[in-house]
Amino acid sequence: MSWRQLRVLLEHLPPESATMTALRNAAPAADLDAQAEGADPSRGRWSQTELLLAQAIDALNRLTHYYALVNTSGGKKPEAPPPVPRPGIAATPARRRISDAAAETLFQIINGAAPSGP
């Protein structure tokens, strides 16, 4: 095995591996503080367990939201919770709501009416 292959294998070990844990434990506190200061958690590697946990949290948040929707009488309905941010996936922008007038125009066009105006 070449030194390069060994380096690539070590760099791609999961964060919870014994080797990565030993490297973190052996690092000086000043180095860890410097790395943590400029760290962006959304760019970190996640293990399969962390991804499954994020999916479970999202499912629980959706169920809680549905429960709140069903049990809300009148007034403003609660908004859906955002998903847990995952590394390497940009947040999706919120969808714009279509106005009532635009929805009515679209409905008429779909049903065969000619569009009115420019």
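**Exercise 1.** Determine in which helix R7 and E11 lie, and how their side chains meet.

*Solution.* Step 1: R7 and E11 both belong to helix α1 (residues 3–11), where they stand 4 residues apart, about one turn of the helix. Helices here are DSSP runs of H or I with at least four residues, strands are runs of E with at least two, and both are numbered from the N terminus. The model is predicted: local features need pLDDT of at least 70, side-chain atom pairs count only at pLDDT 80 or more, and totals for chains, interfaces and linings use all residues. Residues are numbered from 1 along each chain as its sequence is written, and side-chain values use heavy atoms, with hydrogens and water left out.

Step 2: The two side chains form a salt bridge, with N to O at 3.3 Å. The term requires a side-chain nitrogen of Lys or Arg within 4 Å of a carboxyl oxygen of Asp or Glu. By this rule the count is 1 salt bridge.

**Exercise 2.** Classify D58 as buried or exposed, and identify the residues that it touches.

*Solution.* Step 1: D58 is located in helix α4 (residues 48–70).

Step 2: The relative accessible area of D58 is 8%, so this residue is buried (under 20%; exposed is over 50%, partly exposed in between, with a 1.4 Å probe and protein chains only).

Step 3: Leaving aside residues up to four places away in sequence, D58 touches P82, P83, V84 and R86; contact means heavy atoms within 4.5 Å. The D58 side chain reaches the backbone nitrogen of V84 at 2.9 Å.

Conventions: Polar contact = N/O pair within 3.5 Å; in protein donor to acceptor, adjacent residues only side chain to side chain.
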